[in-house]
Amino acid sequence: FNSIIISSITVIGVLVTSIPAAYSFAKINFPFKNIIFYSLLVSLMIPEIISLLPHLLIIRGEIIPLPFGPSWMNTIQGLTVPFMGNIFVIFLLRQYFKKIPNELWDAARIDGASHFLFLRKVVIPMSMPIIVTISLFAFILAWNSFAWPLLILTKEDWFPVTVSIYSFIREAGTNYNLLMAASLISIFPVLLLYFFTQRLFLESISNFGIKQ
């Protein structure tokens, strides 16, 4: 139940931040757009393990003051907010948005539409396959997260399924039959989610190979 809450909030946050950012990089001209975008892509080369300590210090409120309390240790925001900005998701959405013809934006602008209205009425409905795909990716990433919850959680109130299985192994030892049962339960929601979204998932993959 904790993992479902954490993963769902993370997916919503990823969509809220990534869709406008990707649209801006794909369809809006502003100074230093390409420099900013490629700088973000370069940040993908930084190993995740290197950024864990600075992120931990930020979450503990030792670098910058945080809203909603002096520290985000053992909180839902500490488990979700760090995952809401995903450069890889922005890259995927940008590549998909760039395939949408600019003539549609010209027609919408003639009718008096703003960028926000064009994004909401045209771009998002046309991009549902890739949006479902990145939602699935973000859900799996949050669901399988282990190192970060293990670092910031000292109480069992918000233990996700990965940390719970780890705690189970430490307490009960390598009881393989119970461990396999717990592992099956942990992957079942992901399999169920993929089962209902596989059509849009496969459609988004096939569309990446088509040039328009």
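**Entry 1: ground rules**

Before anything else, I noted what a helix is here: helices (H or I, at least four residues) and strands (E, at least two) are DSSP runs, numbered from the N terminus. I'm working with a predicted model, where local features need pLDDT of at least 70, side-chain atom pairs count only at pLDDT 80 or more, and totals for chains, interfaces and linings use all residues. Residues are numbered from 1 along each chain as its sequence is written, and side-chain values use heavy atoms, with hydrogens and water left out.

**Entry 2: the whole chain**

I looked up the helices and strands and found 11 helices and 0 strands in the protein chain. Read from the N terminus, the elements go α-α-α-α-α-α-α-α-α-α-α. The C-alpha trace spans about 65 × 40 × 30 Å along its principal axes.

Next came burial (buried means under 20% relative accessible area, exposed over 50%, partly exposed in between, with a 1.4 Å probe and protein chains only). Of the 212 residues in the protein chain, 36% are buried. I also checked contacts (heavy atoms within 4.5 Å). Among those between residues at least 6 apart in sequence, 72% join residues at least 24 apart.

**Entry 3: back to Ser 145**

Is Ser 145 buried or exposed? Ser 145 counts as buried because its relative accessibility is 10%. Leaving aside neighbours within four places in sequence, I found Ser 145 in contact with Phe 83 and Thr 162.

**Entry 4: empty space**

Rolling a probe the size of a water molecule over the atoms shows where empty space is left. I wrote down the rule: on a 1 Å grid over the protein atoms alone, a cavity is a set of points where a 1.4 Å probe fits but cannot get out, while a pocket is an open set with protein on both sides within 12 Å along at least five of seven lines; lining residues have an atom within 4 Å of a point. Grid points are joined across faces, edges and corners, and a volume is the space filled by probe spheres set on the points.

How many cavities of 30 Å³ or more are there? I got 1 by this rule. The largest cavity has a volume of about 50 Å³. Ser 145 turns up again in its lining, along with Ile 6, Leu 79, Phe 83, Ala 142, Pro 149 and Pro 160. To sort them, I counted Ala, Val, Leu, Ile, Met, Phe, Trp, Tyr, Cys and Pro as nonpolar, Asp, Glu, Lys and Arg as charged, and the others, Gly among them, as polar.

Then I turned to the largest pocket, which holds about 730 Å³ of space. It is lined by 20 residues, and the closest to its centre are Glu 48, Ser 51, His 55, Pro 82 and Phe 83. The elements giving two or more residues to this lining are α3 (48-59), α5 (87-97) and α9 (147-152). α3 gives the most, with 4 residues. By type, the pocket lining divides into 13 nonpolar, 6 polar and 1 charged.

**Entry 5: helix α5**

I zoomed in on α5 and found it mostly covered, with 8 of its 11 residues buried. Among the buried ones are Leu 92, Leu 93, Arg 94 and Phe 97. At the start of α5, a side-chain oxygen of Asn 86 comes within 3.1 Å of the backbone nitrogen of Phe 88.

**Entry 6: the cores**

A nonpolar core is a set of buried Ala, Val, Leu, Ile, Met, Phe, Trp, Tyr and Cys residues joined through side-chain atoms within 4.5 Å. The largest one has 28 residues, and Tyr 23, Leu 93, Phe 97 and Val 123 have the most contacts inside it. At least two residues each come from α1 (2-27), α5, α6 (102-110), α7 (115-126) and α8. The largest share, 7 residues, is from α1.

I followed up on Val 123: leaving aside neighbours within four places in sequence, Val 123 is in contact with Tyr 23, Phe 97, Ile 100 and Phe 118. There is also a second, separate core of 13 residues, including Leu 52, Leu 79, Trp 148 and Phe 159.

Ile 4 sits in helix α1. Ile 4 counts as partly exposed because its relative accessibility is 40%. Ile 4 and Val 161 are 157 residues apart in sequence, yet 9.3 Å apart in space, C-alpha to C-alpha.

Leu 150 is in helix α9. Its 37% relative accessibility is why Leu 150 counts as partly exposed. Leaving aside neighbours within four places in sequence, Leu 150 is in contact with Val 163 and Tyr 166.

Note on methods:
Polar contact = N/O pair within 3.5 Å; in protein donor to acceptor, adjacent residues only side chain to side chain.
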